[in-house]
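Please look at the sequence and the model first, and then read on.

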Amino acid sequence: MQELPLKLAKTLGIRKQQNAFRSLKQNVKLIDFSSNDYLGLASSEKIYRQAHHILSNNTLLKNGATGSRLLSGNHKIYDLAENFLAEFHHSAAALIYNSGYDANIGFFASVPKRGDVVFYDELVHASIRDGIIMSNAKSYKFKHNDTEDLKIKLKRNPKSETSEIYIVTESVFSMDGAFAPLNELTGLSEEYGAFLIVDEAHASGVFGEKGEGLVQQLQLQHRVFARLITFGKAPGCHGAVILGSKGLKEYLVNFSRSLIYTTALPPHSVATIIAVYQNFQEGFPGIQQLHQNIIFFNHQLEKNKLVKYFIPSKSAVHSCIIPGNEQVKKIAGDLAKEGFDVKPILSPTVSKNRERLRFCLHSFNSESEITGVLKKLTKLIP
Ligand SMILES: Cc1ncc(COP(=O)(O)O)c(C=O)c1O
């Protein structure tokens, strides 16, 4: 048998020619400017122990869920977690999925129906786009964070008796760290009778008084149709939740295939989510430290005359545009030799000539790590 069908081998060849070939690498221990573990919670022993405690208190010392949530997998701490999440996020209901990817495909494949229209920011995450592709609704992208462009498109495709309109954005964009204009988007969705969906993957645990996300920081939670919170980033664990009305939860439980046809998260994942949120509820000091580091990083960009290379950002994600896959990979490699883990983001993940080094900031990055990496960058940047 051939190792690989010819078409696939050819496609892989093209990837290599474009200098965009991906491979799985072991993590080497470098200074972390690349993970989404913004608060360092992924390796918190305290959370590990709290999660274990929750499991033993609930007699749930199990390795696996044993089935889909609709069959045998809906162990009792799911209710505990979903009630906690709904209350913390001021939402009528919460529905946990196995990952943010699953939540987005499960939501967008089932909620917008034939005849409906979805408007999405051109930079939304691949999981949202994949979900939209799986749906029978029509879809149009609007220019990144451009409410004027969205308005033109909304006018051209108004809501009717038989069609609903959905608007989707990320509150903090994963590839450039920019904020979405959430106030304007909320206003527009109300004006045009649309349902607004906000992916808060990079905002939860970072914004809001206790890490509730940007929607709650702006007090928009009751004007947004659905929010997606992922647990693999600032919360440092795994899974995701969709926040919305009780009716939306009932609908998703009945029709969202990525929730129905998969084995549920194991109990220890759900217990870890509860433990993290108990810490958020008490007020987690790392969030404040992360904000100080974001301010410090921006000061250092000015001091080192690097501002012009970076996309303006007040979030934990900062992107330095370095056009060309080869060039951006080389600089990332040189930074790694100096001990810094900063990932190159290549085209086609981002558009050509917008390739970038993505700096993810953390509560645990020290000031000397930040000054160190930016000093090196000034020497490497062409
Ligand atoms: C904006 C956004 N949404 C959704 C996801 C998917 O989340 P998960 O990693 O939990 O599948 C990601 C992860 O990269 C993301 O950045």
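This is a predicted model: local features need pLDDT of at least 70, side-chain atom pairs count only at pLDDT 80 or more; totals for chains, interfaces and linings use all residues.

Residues are numbered from 1 along each chain as its sequence is written, and side-chain values use heavy atoms, with hydrogens and water left out.

**The ligand site**

The ligand has 13 residues around it, and Gly100, Tyr101, Asp199, His202 and Lys233 come nearest. A residue counts as near when one of its heavy atoms lies within 4 Å of the molecule. By class, two residues of this shell are nonpolar, eight are polar and three are charged. In this scheme Ala, Val, Leu, Ile, Met, Phe, Trp, Tyr, Cys and Pro are nonpolar, Asp, Glu, Lys and Arg are charged, and the others, Gly among them, are polar. Helix α4 (residues 100–110) supplies the largest share of the shell, three residues. Helices (H or I, at least four residues) and strands (E, at least two) are DSSP runs, numbered from the N terminus.

| Residue and atom | Ligand atom | Distance |
|---|---|---|
| Glycine 100, polar backbone atom | oxygen | 2.7 Å |
| Histidine 202, polar side-chain atom | oxygen | 2.7 Å |
| Lysine 233, polar side-chain atom | oxygen | 2.9 Å |

On its own the ligand has 390 Å² of accessible area, and the protein covers 81% of this. Such areas come from the Shrake-Rupley method with a 1.4 Å probe.

**The seven-stranded sheet**

Seven strands make an open sheet with mixed pairing, in the order β2-β8-β7-β6-β5-β3-β4. Two strands pair if DSSP finds at least two bridges between them. At the edges are β2 (93–97) and β4 (138–142); each has a single partner strand, so one side of each has no neighbour in the sheet. Neighbouring strands are turned against each other by 20° on average, direction ignored.

Within this sheet, β5 (residues 165–170) and β6 (residues 195–199) run parallel and are joined by five bridges. Tyrosine 166 is opposite phenylalanine 195 in β6. Helix α6 (residues 147–156) lies across β3 (117–121), β4 and β5, at about 155° to β4. Angles run from 0 to 180 degrees between N-to-C directions, with axes fitted to C-alpha atoms, for helices over the stretch in contact.

**The three-stranded sheet**

A further open sheet has three antiparallel strands in the order β9-β12-β11. Its edge strands, β9 (317–321) and β11 (343–345), each pair on one side only. The twist from one strand to the next averages 35°. Three bridges link β11 to β12 (residues 356–360) in the antiparallel sense, and proline 344 has leucine 357 of β12 as its bridge partner. Helix α13 (residues 325–337) packs on the sheet, touching β11 and β12, and its direction makes about 40° with that of β12. Contact here means heavy atoms within 4.5 Å.

**Single residues**

Asparagine 19 is not a glycine, yet has a positive phi of about 60°; asparagine 19 sits in the loop between α1 (6–17) and β1 (31–32).

Technical notes:
A polar contact is a pair of N or O atoms within 3.5 Å; within protein, one must be able to donate a hydrogen and the other to accept it, and residues adjacent in sequence count only if both atoms are side-chain atoms.
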